Amino acid sequence: MNKLEANVSLFMITFFAAIQYAFLAGVPASVSHFAFLTITNLIGFLIALCFFFGETFRIDKKQIGQSILLAAELIAVNACMLSGTSGTAATVSACVMSAYFVFVPLLGFLVFREKPDKRTFPGIAIVLVGLFLMMNGDVAGLLNKNIFYLILTDLFFALYILTLGKLSASSNPSILAMGQMFFSALFSFVIWAVQSAFFGGSFQLPKDPAFWSGVIYISFFIRGLYGIVQIYALRYVSPLNTSLIFSTEIVMTMLMSPVLVILFGTEPEVITPVRAVGALLMVAGILAADSSVYETIGRRLAHGKK
């Protein structure tokens, strides 16, 4: 995989991520979030194991520790996301989730002591303006408990992206992909069991079709495909640029709205001129924040002078 293939792969899995909110919103409120995380991570792990079984013989203590760290961050991400997307429109969820890249430079500096590239801030500002326009300026309507959970999701996911970017460069991506799903399933199962024993709730999986349709989609396309591709791609794409690519989820969710209406009966999205401008600004912001764009322009200008 090279940088171009990595970028294309990230856009591909962003498409699958954009659709997941329709499935997550359909998970019954009576079902424990950790039950959902247990079964989806377990299936995702088994899928990865089928492809990378031979890599299990290369596992060492260091990679086990790294997998545990990633799993802990993912549990925080997914638990907050399930709480936030419950009963929230798919486009609203995607819109708020798309803003997590804002936390990347700050956490990169605070946690990993990485000095942010000043050239990325104009791009971040442009993308935020695009998000604002795609929300039709309705900021007041987003001030509720569900949005608070989605903002927490942004924070934890930004931390996960930064951690994964550090670890994937020096560790076996296949082992990390399998390891994070295995420990996510294990930790989720333990929390689910404790939750059922001491705080009430069922320790059985429901028969609700909405639950199982969500399980099938998330297990195959998010836990399996998304998790594996992301780890490999992060070897070639910086955490910030990865986050900016992922921020286009809102655009893809909006464009897929007619299909989601037919398949799941979700609310149709109206593509207004303001939203179209917002989508264009997001793409422009992504390009503006990508340092490789400046490098390419600089090389071409230097070549032209010669």
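Q: Isoleucine 39: buried or exposed?
A: Isoleucine 39 is buried, because its relative accessible area is 15% and anything under 20% counts as buried. Keep in mind that this is a predicted model.

Q: Where does isoleucine 39 sit?
A: Isoleucine 39 is in helix 2, which covers residues 33-52.

Q: How far is it from isoleucine 39 to valine 215?
A: In space, 7.3 Å from C-alpha to C-alpha. Along the sequence, isoleucine 39 and valine 215 are 176 residues apart.

Q: What about glutamine 66 and leucine 167, how far apart are those?
A: Their C-alpha atoms are 7.4 Å apart, while 101 residues separate glutamine 66 from leucine 167 along the chain.

Q: Which helix has glutamine 66, by the way?
A: Helix 3 holds glutamine 66, and that helix spans 61-85.

Q: And why is glutamine 66 put in its burial class?
A: Glutamine 66 counts as buried because its relative accessible area is 8%, and the cut-off is under 20%.

Q: What share of the chain is buried?
A: Of the 306 residues, 50% are buried.

Q: How many cavities of 30 Å³ or more turn up?
A: A search of the whole structure gives 1. The largest cavity holds about 240 Å³ of space, and of the 19 residues lining that cavity, Leu74, Asn78, Phe157, Ile222 and Tyr226 are the closest to the centre.

Q: Which helices supply at least two residues of that lining?
A: Helix 1 (3-24), helix 3, helix 7 (145-168), helix 8 and helix 9 (209-233) each do. Helix 9 gives the most, with 5 residues.

Q: What's the lining like: how many nonpolar, polar and charged?
A: The lining of the largest cavity splits into 11 nonpolar, 6 polar and 2 charged residues.

Q: Switching to the outside. Which residues form the nonpolar patch on the surface?
A: Phe182, Leu186, Phe189, Val190, Val194, Phe198, Phe199 and Phe203 form that patch. Together they have about 820 Å² of accessible area.

Q: Take phenylalanine 182. Where is it?
A: Phenylalanine 182 lies in helix 8, residues 173-199. Helix 8 also supplies at least two residues to the lining of the largest cavity.

Key
Residues are numbered from 1 along each chain as its sequence is written. This is a predicted model: local features need pLDDT of at least 70, side-chain atom pairs count only at pLDDT 80 or more; totals for chains, interfaces and linings use all residues. Side-chain values use heavy atoms; hydrogens and water are left out. Patches are made of residues with over 30% relative accessible area and no salt bridge: like charges are joined within 9 Å, nonpolar side chains (Val, Leu, Ile, Met, Phe, Trp, Tyr) within 5 Å. Accessible areas come from the Shrake-Rupley method with a 1.4 Å probe; for residues, only the protein chains shown count as cover. A salt bridge is a side-chain nitrogen of Lys or Arg within 4 Å of a carboxyl oxygen of Asp or Glu. Helices (H or I, at least four residues) and strands (E, at least two) are DSSP runs, numbered from the N terminus. On a 1 Å grid over the protein atoms alone, a cavity is a set of points where a 1.4 Å probe fits but cannot get out, and a pocket is an open set with protein on both sides within 12 Å along at least five of seven lines; lining residues have an atom within 4 Å of a point. Grid points are joined across faces, edges and corners, and a volume is the space filled by probe spheres set on the points. Ala, Val, Leu, Ile, Met, Phe, Trp, Tyr, Cys and Pro count as nonpolar, Asp, Glu, Lys and Arg as charged, and the others, Gly among them, as polar. Buried means under 20% relative accessible area, exposed over 50%, partly exposed in between (1.4 Å probe, protein chains only).
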